[in-house]
Amino acid sequence: MKTEFKNNTRRLLTSLALVAIVPLASAQDYPNKPVKVIVPFPAGGSTDLMARATARELAETLGQNVVVDNRGGGAGTIGVAALARERPDGYTLGVVPAATLVNQPHMRRTPYDLDQFDYICQLFSSPMALAVKPDSPFENLNQLVDYAKEHPNELTYGTPGPGTLMHLAMEQFLQIADIELEHVPFTGDAPAATALLGGHIDLYMSMTNVVNDRGLASIGVFSEEPAPSLPEVETAIEQGYDITAAWWGGLVAPQGLEDGVKSRLVESCQSVVYAERFAQTLEDLGADVHFRDPDDFEAYVRGISETNAQLIETVFKGE
Amino acid sequence: MDSILAGLHLLLAPEALLSLFVATVVGIIVGALPGLGSVLAITMALPLTFVLGQGASITLLLGLYCGSVYGGSISAILLNTPGTPQAAATVLDGYPMARSGRADLALGWATTASAIGGIIATLILSIAAPLLARVGLKFGPIEYFALGVFALTCIVSVSKEDMIKGLMAALTGLFVAVVGQDTVTGALRFDFNSFELSAGIGLVPFLVGLFALSEVFWRASKLYSVESVKAGKSRFTFPGFGELRNRWSVLLKSSLIGTWVGCLPGVGATSASMVSYAEAKRSSPRRANFGNGEPDGLIASEASNNAVTAGAMVPTLSLGVPGDPITAVMLGALALQGITPGPRLFIEQGDLINFIFMALLVANALLFVCGALMTPLFSRILKVPEPILLCAIVVLVAIGTYSINASTFDLLIMFCAGVAGFLLRYGGFPLAPIVIGFVLGPMIEQSLRQGLIITRGDFLAFLHYPIALAFFILTLLFLLLPIMRSWLGCIFGQRQRKLDKQEHSHDL
């Protein structure tokens, strides 16, 4: 508390002293010390690799060290809660996948809400695909829907956990197609993909690279355009189901960034997404670079959050 | 043949060998420090892989993995505290050995068993990896449930003195594991409106508190009332060749169990060492001695947990499915190196696979060298004055626990688990069943509920799955055998006692 007071006083005095000469001095010498990026998942996962790639590019454009700080637990909510508590000075940022913002607050009592963040930019998006088990009779979504209409609740589909983006995307598809399947939740991508490989479940909604790397066949891609990694698979829209779904996220900060700091970060964001190395890392992870500016990003987060709140209401509380 | 040579070429590059050696040494140290585990070791090394080449990065990770899993046994033996969760079963016989002045021999056995276990597993894998991966796929939720129930039977073997207290401890472990988000419905359980508790109770803070802190409290409470610990000879003694031949079957069997469990995604080394400990306790001719410093128990745990390191590479490399959190981090590191694990890796990059297996062999062989060189150093820990040692343990475990998630809540959990562990020791409850329940509970619960979704709520349908049925029968046999043995003992009492005596004298 004392140091905070001291820091604040010092900052106040410094800015008072400088305000006459150079307006927005603190924003202009930002950053003058290492920046910390909180990742709400353990090291080694997709989010972590994404954050490390982002940190590497940010370090170059900001001219300061950017340190990755993994805070796993609670489906990402522990780390995001920690981020919300940080001081909005631009020295603590977070690379955050969307589920922690748009799903989890509707699932559990998170100590944060969407108003507690400044949205800097969306960085990545990875379309989802619906994979089928080996030797599955289904070749496209229509065959699946026809079969499921005749045999309700016979087929099973897996997800990396209840309330994940994949789970909600699948539930949304089931509503649109008006069919019923049994949901088998797993903990994470790997166990669910294995269960599909072993034929213990019939379907698995996942990111395209998860499907592709394991040599699984998919019957529909949930993006606007066909996915480059699965060129022969038709999109859901092409097959007559108006739905897209992706795993996505971006750079956020605790709410209340100074304008100068925020615009500096948005600029850095732009150079991150144009970096070739960044694009390459994302491609290896099966994700695409997808930039949204602060306003678009925030609007998108709020929009999806509203849709998912309703979905979660019907899926979890309607039963 | 060509691809074997190409793999060897990759391995013999100076930077690859150097990073393997350094990583093994660092891994042993990190593993031996309670609370700091394999995941931390590999995570810390992750940024280094950005700089190192492909070969050196892979040997770095493998060295850290093997070294840290082995290193956990050192503190298990010397301090009654598993350095890593994987060594939880090593404590059961390792510490009593050290306590009775045979620390040097216990360390020797742990090293031998670890290295041989790892080598056997690697040899099996280099031949059968793709095949094992296919068989591993046959394990769905129902089979996992059956395996989990089977693994629970080891509670019986670790609750030697008081079965009721052992079962109570196991239930406590199962209950603690329930805290947090329900994995099927997403509902929150026993979170008492605390956001931190809604994420569940972490394995490391819980384990470290339960074993390490409670040990510190326990020893501190005895400090001025009981004679201080008899410090063992601070040397390292390899078991004699005859000894090794006598215990060969335990070693081989435990390595096979470890290899197999390692191949099953998501089960992990902690469960493997418990299963093979239980199996050794069931089948060893020296079973009566288990828990009092019987090398067989130590061998069973150490051979199998190091065999898992190789086994876990099977689903990781051939299916792209990590077997435990450690291989999950490795999978990420491999992705950074431009290697995409999956069914095609074995076909497309045979050189690399051979390289990885050879690196694993060398890493395990290095355990002999590093172990022999380094354990005498660790043995000196026993000579440090106890008050200083206890303080040092508290500081180390606190740093280790905090380093994982930078969470003060984890420290609180650790402290509470420590106090609880102390009270339970005081009440004569065994601690191992708590860990067994805590580790296996979530797997059993989730696979049971997944299985019930798949069979539409019909539990009897589980018996139609042959692998699951086999495990259920084995479970029943495990539970009934001791009872039947005691019945038989009543009938053939005279003969049995005579046999036991013979076995005992043979053992001596």
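## A residue and its helix

In which helix of chain B is the place of Leu331(B)? Leu331(B) belongs to helix α16 of chain B. The structure discussed here is a predicted model, and every value in this report is computed from it.

Is Leu331(B) buried or exposed? A residue counts as buried if 20 or more other C-beta atoms lie within 10 Å of its own. Leu331(B) has 22 other C-beta atoms within 10 Å, and it is therefore buried. A second residue, Ser255(B), is 76 residues from Leu331(B) in sequence. In space, the two C-alpha atoms of Leu331(B) and Ser255(B) are 24 Å apart.

## The two chains

Chain A has 319 residues, of which 51% count as buried. Its secondary structure comprises 13 helices and 10 strands. Chain B has 508 residues, and buried residues make up 57% of them. The secondary structure of chain B consists of 23 helices and two strands.

Contacts may also be considered by their separation in sequence. Among contacts in chain A between residues at least 6 apart in sequence, 77% join residues at least 24 apart. For chain B, the corresponding share is 79%.

## Where chain B meets chain A

How many residues of chain B are in contact with chain A? The contact involves 40 residues of chain B and 40 residues of chain A. On the side of chain B that touches chain A, the elements giving two or more residues are α3 (38–51), α16 (325–336), α17 (343–348) and α21 (432–454) of chain B. Helix α16(B) provides the largest share of this side, namely seven residues. By residue class, this side of chain B divides into 22 nonpolar, 16 polar and two charged residues.

## The largest nonpolar core

The largest nonpolar core contains 257 residues. Within this core, Ile42(B) and Ile77(B) touch the most other members. The element of chain B that gives the most to this core is helix α6 (residues 103–137), with 18 residues. Chain A also takes part: the core draws at least three residues from each of domain 1 (33–125 + 247–317) and domain 2 (127–221) of chain A.

Which residues are in contact with Ile42(B), leaving aside its neighbours within four places in sequence? They are Leu61(B), Leu64(B), Tyr65(B), Ile326(B), Val329(B) and Met330(B).

Helix α14 of chain B covers residues 295–311, which is 17 residues. From its first C-alpha to its last it reaches 24 Å, close to the 24 Å expected at 1.5 Å a residue. Why is α14(B) largely enclosed by the rest of the structure? The reason is burial: 17 of the 17 residues of α14(B) are buried, so the helix is largely enclosed by the rest of the structure.

Helix α8 of chain A covers residues 165–177 and has 13 residues. Its reach of 18 Å from first C-alpha to last is close to the 18 Å expected at 1.5 Å a residue. The buried residues of α8(A) are Leu165(A), Met166(A), His167(A), Leu168(A), Ala169(A), Met170(A), Glu171(A) and Phe173(A). Just after α8(A), Asp178(A) takes a positive phi of about 55 degrees.

## The domains of chain A

Chain A is divided into domain 1 (33–125 + 247–317) and domain 2 (127–221). The C-alpha centres of these two domains of chain A lie 27 Å apart. Their contact takes 13 residues from domain 1 and 12 residues from domain 2 of chain A.

On the side of domain 1 of chain A that touches domain 2 of chain A, the elements giving two or more residues are α6 (104–107) and α13 (294–317) of chain A. Helix α13(A) gives the most to this side, with four residues. The residues of this side of domain 1 divide into nine nonpolar, four polar and no charged.

## Confidence in the model

The predictor gives the complex an ipTM of 0.76 and a pTM of 0.75. For chain B, the mean pLDDT is 81, and 88% of its residues reach 70 or more.

Definitions and conventions
Residues are numbered from 1 along each chain as its sequence is written. Chains are lettered from A and ligands numbered from 1 in the order in which they are written. This is a predicted model: local features need pLDDT of at least 70, side-chain atom pairs count only at pLDDT 80 or more; totals for chains, interfaces and linings use all residues. Two residues are in contact if their C-beta atoms, placed from the backbone, lie within 7 Å. Ala, Val, Leu, Ile, Met, Phe, Trp, Tyr, Cys and Pro count as nonpolar, Asp, Glu, Lys and Arg as charged, and the others, Gly among them, as polar. A nonpolar core is a set of buried Ala, Val, Leu, Ile, Met, Phe, Trp, Tyr and Cys residues joined through C-beta atoms within 7 Å. A residue is buried if 20 or more other C-beta atoms lie within 10 Å of its own, exposed if 12 or fewer, and partly exposed in between; C-beta atoms are placed from the backbone. Domain bounds come from an automatic or database domain assignment. The expected span of a helix is 1.5 Å times one less than its number of residues. pLDDT is the predictor's confidence in each residue, from 0 to 100.
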